[in-house]
Amino acid sequence: RMALMLIMPLLASLAVYRIATDLAWESGPFDLFARMRGGAMARGPGWIAEGVTCPICWSFWLSLPAGLLISLDAMGLVYWLAIAGAVALAVRATTSE
């Protein structure tokens with residue numbers, strides 16, 4: 001049980017990292033992600049345009065269901081922020097800005 005409590009947030013962080021970077025930077029299948037970003041950038045305010053191209057922004061929201069899948073009690077909220085923080089660290093470590 002203890003090992004599972006350590007492995008699940010790690011696996012969730014990797015999954016959220018992959019999905020967030022795909023949504024923010026990749027074209028996706030049939031250019032779906034690129035078209036979604038383009039539509040949001042054309043129709044939404046500036047903060048939306050910045051948010052859809054930011055994997056850290058995506059990861060903040062994608063981490064919520066991931067954390068709640070691990071635990072449905074108050075610890076799920078802690079997992080949410082931990083997963084989002086881990087993804088933010090990974091993005092910053094793998095990009096040159």
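Helices are DSSP runs of at least four residues, numbered from the N terminus. The model used in these exercises is predicted.

**Exercise 1. The pocket lining**

Find which helix supplies the largest share of the lining of the largest pocket, and sort the lining by class.

*Solution.* 
Step 1. List the lining: Trp47, Ile48, Gly51, Val52, Cys57, Trp58 and Trp61.
Step 2. H3 covers 46-52 and H4 covers 55-70, and each gives at least two lining residues.
Step 3. Pick the main supplier. H3 leads with four residues.
Step 4. Sort by class. Gly counts as polar. The lining holds six nonpolar residues, one polar residue and no charged ones.

**Exercise 2. The aromatic pairs**

Classify each aromatic pair by the angle between its ring planes.

*Solution.* 
Step 1. Count the pairs: there are two.
Step 2. Take Phe60 and Trp61. Their ring centres are 4.8 Å apart and their planes meet at 85°. Over 60 degrees counts as edge-to-face, so this pair is edge-to-face.
Step 3. Take Phe60 and Trp80. Here the centres are 5.1 Å apart and the planes stand at 50°, so the pair is tilted.
Step 4. Phe60 sits in H4 and Trp80 in H5 (residues 74-94), 20 residues apart, so the pair links distant parts of the chain.
Step 5. Phe60, Trp61 and Trp80 make one aromatic cluster.

**Exercise 3. Exposure in the cluster**

Decide whether Phe60, Trp61 and Trp80 are buried, partly exposed or exposed.

*Solution.* 
Step 1. Recall the cut-offs: buried is under 20%, exposed is over 50%.
Step 2. Trp80 has 16% relative accessibility, so Trp80 is buried.
Step 3. Phe60 has 31%, so Phe60 is partly exposed.
Step 4. Trp61 has 57%, so Trp61 is exposed.

Methods: Residues are numbered from 1 along each chain as its sequence is written. This is a predicted model: local features need pLDDT of at least 70, side-chain atom pairs count only at pLDDT 80 or more; totals for chains, interfaces and linings use all residues. Side-chain values use heavy atoms; hydrogens and water are left out. On a 1 Å grid over the protein atoms alone, a cavity is a set of points where a 1.4 Å probe fits but cannot get out, and a pocket is an open set with protein on both sides within 12 Å along at least five of seven lines; lining residues have an atom within 4 Å of a point. Rings of Phe, Tyr and Trp (its six-membered ring) pair if their centres lie within 6.5 Å; planes under 30 degrees apart count as stacked, over 60 as edge-to-face and the rest as tilted. Buried means under 20% relative accessible area, exposed over 50%, partly exposed in between (1.4 Å probe, protein chains only).
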